[in-house]
Amino acid sequence: MSPAIIVAEPLTPEAFAPYGEVLRPPDAIDRQHFAADLVNLRPDARLNLSIVRSPVIDLAIEVNELEHHPYSAQAFIPIDVDHYVVLVTLNSEDDLPELPRMKAFVATRHQGICYRPGIWHLGMTTIQRPGAFALLVYEDGTANDCLFCRIPAARLDISMAGVLS
């Protein structure tokens, strides 16, 4: 049986809304607040700021594993990135990824993302060259900070996303 193929589309706030929020700079000289969306569901967890270096892919990869953070939102802000992949799906009632509902997006250097708690996703992966992100997530140092799930192989195709130059 051949792997399912997931075709990426450009990241838009509307398409990403079921999974979280797209973070963009304000249009004018001003401040844009996102702090209310960085949800923490554990009172003993502390906010962790990390810098993440991501691997690079070409136009297609095989995905065998997803991760999620059941008790915290997770925000990524591009630092040194051209384009990156966002692969997501909702959490099912049995706490597993809803594989038939996987969606993939290609984001630009001007778009950060904030996953809602429990959203299953691919680890940060850049396109064309390695990249770096600032990461904000609440953690308490236990295994429940980040859970992983092996999935049947799915092929992620970003060639048709229409945002690469």
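Guide: Gladly! The accessible surface of the chain comes to about 8900 Å², and 54% of that belongs to carbon and sulfur atoms. Such areas come from the Shrake-Rupley method with a 1.4 Å probe, and for residues only the protein chains shown count as cover. Please keep in mind that this is a predicted model, where local features need pLDDT of at least 70, side-chain atom pairs count only at pLDDT 80 or more, and totals for chains, interfaces and linings use all residues. Residues are numbered from 1 along each chain as its sequence is written, and side-chain values use heavy atoms, with hydrogens and water left out.

Visitor: How many helices and strands does the chain have?

Guide: Helices (H or I, at least four residues) and strands (E, at least two) are DSSP runs, numbered from the N terminus. This chain has one helix and 14 strands. Its radius of gyration is 15 Å, close to the 15 Å of the globule rule for 165 residues, so the chain is as compact as a globular protein of that length. That radius is taken over C-alpha atoms, and the rule is 2.2 Å times the number of residues to the power 0.38.

Visitor: In what order do the five strands of the open sheet come?

Guide: Strands of a sheet pair through backbone hydrogen bonds, either parallel or antiparallel. Two strands count as paired if DSSP finds at least two bridges between them. Here the order is S3-S10-S7-S13-S4, with antiparallel pairing. S3 (20-23) and S4 are the edge strands, each pairing on one side only.

Visitor: Which strands pair with S13, and over how many bridges?

Guide: Strand S4 (residues 46-54) pairs with S13 over nine antiparallel bridges.

Visitor: Why is S13 said to be largely enclosed?

Guide: Buried means under 20% relative accessible area, exposed over 50%, and partly exposed in between (1.4 Å probe, protein chains only). In S13 (residues 131-139), seven of the nine residues are buried, so the rest of the structure largely encloses this strand. Across the chain, buried residues make up 43% of the 165 residues.
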